[in-house]
Every structure is written in structure tokens, then in C-alpha cells.
Amino acid sequence: MTHTKLPVFDESGYVIVDSYNQNADPREWENLVFVDWKSSGDTRFAPLASAYGDMECDGFWNHTPPKTDKDGVWVQENIDIAPILTARAQEVGANVGRCRVIELQPNTYADAVYNLHRDDNNRLNPEGTGWIVRSFCNLTADSDSVMILREDRDDPATEVRVPLPAGAQVVIDTQRLYHAVWHQGVVPRYCLITSYESGPALDSWISARNPVTGIDSPHLDPELMSAGNESAMSKRASREAASASMDSGMDSRMEVLSEA
Ligand SMILES: [Fe+2]
């Protein structure tokens, strides 16, 4: 038996749906309670749903009792501050695991390539139930920023760059695709990230929003791309050598890098 997956992800592992009219909404994220949580890049997080409703962002499997990334419990203080964001997360109708707003400071292409990682959403997820994927709803106007996706972390030829204007909505199988955001700008980027269980509700939500499973990436200077890849590969090699000497390895990093 395997997990239930949606066919729309078969081709590319991601699906872009119609943009949301973000500019019509108040900037609720500016009032949320953020907690420090080291992820891929310089980040903080504001949890809307956590493992047991506390103001924290740890992986659901790191709690007692441990659980998979489903059945998130709404964090009352933050959902009171952000009812519209909460309603958006809930409108899909699928089982919600983690739900949080990420704050990401500006970075470079090389930083983002270095930060490429896959999530561990389906740890403890029983076979026969829905595969957990993540939606990313960009809140701030970051038209020059992109979600970098790669099927093969070390092969730039597999790279797709999804632009992130305000209202952009993309659902990603983040356990399949390496991902990280290259955020250009001078102020932080904010994005609503929600874990959903694959099933009829998520399928219906996606199908009703003109899903697109492939795009032409915005142009990137080949020299910048090459230099960024070389920088990231070099840093990664140093890190892996250090990890090997500490006998910790990549698994521990995967636990930390759970968002983008
Ligand atoms: Fe991630």
C-alpha cells in the first residue's frame, strides 16, 4: 500500500494556481506573534497551527506524543490576529498540518541554492492515507523573488524559478522537490505556508483555480547562475565534511530545514 497522491503533481511536482487578490486584504502578518525558528535562510515564523496549539514551530514528530504533519491545532492568539489568513488556510477543506507565516530576509541566488532542501512532511504518515504537500501563498509584493525548485539538487538544468508577486499561490510536493526562495529586495518577504493532506478536497481546490504544472522560468544571467552554483557546492562540501566529522550527517539538517 502506498500514500494517496494527486495526479496533478505527477509531471513536475508542483502546481501554480490562480493568484489571490492579496492587495484587497489587510496586512495581518504585520501584527502576528513571530518566534525564532532557524530554517533555510534568515527566518522567523508565526505559527497559525502547530502540533498541539502552542506558540512554537517544531516538527510535529518532535512532540509527545509524536505525530505526522496533519491535524494541526490552531494557535488561538495568532488566529485571532489573522482571521483572513486562517480562513484562507481552511478554505481548502483538506486536513491541515503545520500552518505558519514565514518571514524571510533578503538573500542571494547563491544563498538560495545552498539552502535547497527537501522537507520531511510524511514522516510517521501512515500508508493508505494522503501524501502531505505544502502550499505557499505569497503575501508581500516580491516580483523579483523566486521559489527555486529542482528535481536534482545538484543539477541546475532541473531548475524552475517560480515568481513570487503578492498573491502568488503554488502547491509543492516538498518531499520530492528541492526548494528554497531567492528573495531579492530590502525588506523581508512574508508567505503563508500550509501543509495539506492530498485527497479530494485539495484536488477540488486546485482544479477550480486553473492549475499550471510547468512554466518558463524568468531569465537568469548564466554567469550569476554558474557562480551561485559553484559557491553553494563549495559551501555544501565544507558543511558535509564538518558534519561527517561530527557524525551528525544530513538527516539532522533535514529536520531543521523544514520550510522555504
Ligand atoms: Fe522546505
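## Overall make-up

The protein chain has six helices and eleven strands in its secondary structure. Helices (H or I, at least four residues) and strands (E, at least two) are DSSP runs, numbered from the N terminus. This is a predicted model: local features need pLDDT of at least 70, side-chain atom pairs count only at pLDDT 80 or more, and totals for chains, interfaces and linings use all residues. Residues are numbered from 1 along each chain as its sequence is written.

The pLDDT is the predictor's confidence in each residue, from 0 to 100. Its mean over the protein chain is 93, and 93% of the residues reach 70 or more. Residues 248-258 have a pLDDT below 50, and beyond near neighbours in sequence this stretch has 14 contacts in the model. Two residues are in contact if their C-beta atoms, placed from the backbone, lie within 7 Å.

## Size and packing

The C-alpha trace of the protein chain spans about 45 × 40 × 40 Å along its principal axes. Among contacts in the protein chain with a separation of 6 or more, 80% are between residues 24 or more positions apart.

Of the 260 residues in the protein chain, 43% are buried. A residue is buried if 20 or more other C-beta atoms lie within 10 Å of its own, exposed if 12 or fewer, and partly exposed in between, with C-beta atoms placed from the backbone.

In soluble globular proteins, nonpolar side chains tend to be buried together. A nonpolar core is here a set of buried Ala, Val, Leu, Ile, Met, Phe, Trp, Tyr and Cys residues joined through C-beta atoms within 7 Å. The largest such core has 59 residues, of which Val101, Met147, Ile148, Val170 and Cys191 touch the most other members. Leaving aside neighbours within four places in sequence, Val170 is in contact with Tyr14, Val15, Ile16, Phe136, Met147 and Val162.

Strand β1 (residues 14-17) is covered on both faces: Tyr14 and Ile16 are buried on one side, Val15 and Val17 on the other. Four bridges pair β1 with strand β9 (residues 169-172) in the antiparallel sense; two strands pair if DSSP finds at least two bridges between them. Within this pairing, Ile16 stands opposite Val170 in β9.

## Strand β3 and its partners

Seven of the eight residues in strand β3 (residues 43-50) are buried, so the strand is mostly covered. β3 pairs antiparallel with strand β2 (residues 35-36) over two bridges, and Val35 stands opposite Phe45 in β3. Strand β5 (residues 96-104) runs antiparallel to β3 and is joined to β3 by six bridges, with Arg44 opposite Glu103 in β5. Strand β4 (residues 73-74) pairs with β3 over two bridges, also in the antiparallel sense. Here Ser50 stands opposite Val73 in β4.

## A three-stranded open sheet

Strands β8, β7 and β10 form an open sheet in the order β8-β7-β10, with antiparallel pairing. β8 (159-164) and β10 (178-182) each have a single partner strand and stand at the edges, so one side of each is left without a neighbour in the sheet. From one strand to the next the twist averages 25°, taken between N-to-C directions of lines fitted to C-alpha atoms, with angles from 0 to 180 degrees. Five bridges link β7 (residues 142-150) to β10, and Leu149 stands opposite His179 in β10.

## Loops

Gly167 is found in the loop between β8 and β9. Gly167 is partly exposed, with 17 other C-beta atoms within 10 Å. Its C-alpha atom is separated by 5.8 Å from that of Asn21, 146 residues apart along the chain. Beyond neighbours within four places in sequence, the contacts of Gly167 are Ser19, Tyr20, Asn21, Gln22 and Asn138.

Most residues other than glycine have a negative phi, and most peptide bonds are trans. The peptide bond from Thr64 to Pro65 is cis, with omega near -5°, and Pro65 lies in the loop between β3 and β4. Leu124 has a positive phi, near 70°, and is found in the loop between α3 (109-115) and β6 (132-138). Asn210 also has a positive phi, near 50°, in the loop between α4 (200-207) and α5 (222-246). Asn210 counts as exposed, with 9 C-beta neighbours inside 10 Å.
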